[in-house]
Amino acid sequence: MKTKSSETSKGKESGEGLRKSAQADERKTEARKGSDLAKGPERFEERSRSSDGKSAGSKQR
């Protein structure tokens with residue numbers, strides 16, 4: 001759980017490095033794909049599809 005007292009400069013630097021790395025990786029993937037990756041709920045749904053093409057939500061219905 002994040003509280004002001006638990007934040008350290010080393011932790012902040014680590015988090016910032018992770019965010020920058022993820023952004024760079026996403027830009028590379030989008031460039032290779034030729035279009036932007038889905039964001040928000042669309043991204044969740046895209047990632048939750050299994051090999052049979054059905055989403056987790058449709059399987060539960």
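**Exercise 1. Find the mean pLDDT of the protein, and say where confidence is lowest and where it is highest.**

Step 1. This is a predicted model, and pLDDT is the predictor's confidence in each residue, from 0 to 100. The protein averages a pLDDT of 77, and 67% of the residues score at least 70.

Step 2. Now go element by element, taking helices as DSSP runs of H or I with at least four residues and strands as runs of E with at least two, numbered from the N terminus. Confidence is highest in H1, at 89, and lowest in helix H3 (residues 56-60), at a mean of 66. Where pLDDT is low, the predicted coordinates should not be read in detail.

Step 3. Keep the ground rules in mind: in this predicted model, local features need pLDDT of at least 70, side-chain atom pairs count only at pLDDT 80 or more, and totals for chains, interfaces and linings use all residues. Residues are numbered from 1 along each chain as its sequence is written, and side-chain values use heavy atoms, with hydrogens and water left out.

**Exercise 2. Describe the fold and compare the span of helix H1 with its expected span.**

Step 1. The protein has three helices and zero strands, giving the pattern α-α-α along the sequence.

Step 2. Helix H1 covers residues 9-33, which is 25 residues. The expected span is 1.5 Å times one less than the number of residues. From first C-alpha to last, H1 reaches 36 Å, close to the 36 Å expected.

**Exercise 3. Locate the salt bridge in the structure.**

Step 1. The criterion is a side-chain nitrogen of Lys or Arg within 4 Å of a carboxyl oxygen of Asp or Glu. A search of the whole structure finds one.

Step 2. The partners are Arg19 and Glu16, with their closest N and O atoms 3.1 Å apart.

Step 3. Both residues lie in helix H1, three residues apart, about one turn of the helix. An α-helix has 3.6 residues a turn, so residues three or four places apart point the same way.

**Exercise 4. Is Glu30 buried or exposed, and which residues does Glu30 touch?**

Step 1. Buried means under 20% relative accessible area, exposed over 50%, and partly exposed in between (1.4 Å probe, protein chains only). Glu30, found in helix H1, counts as buried because its relative accessibility is 15%.

Step 2. For contrast, Arg27 is exposed at 52%, while Glu16 is partly exposed at 35%.

Step 3. With contact meaning heavy atoms within 4.5 Å, Glu30 touches Ser35, Asp36, Leu37 and Lys39, not counting residues up to four places away in sequence.
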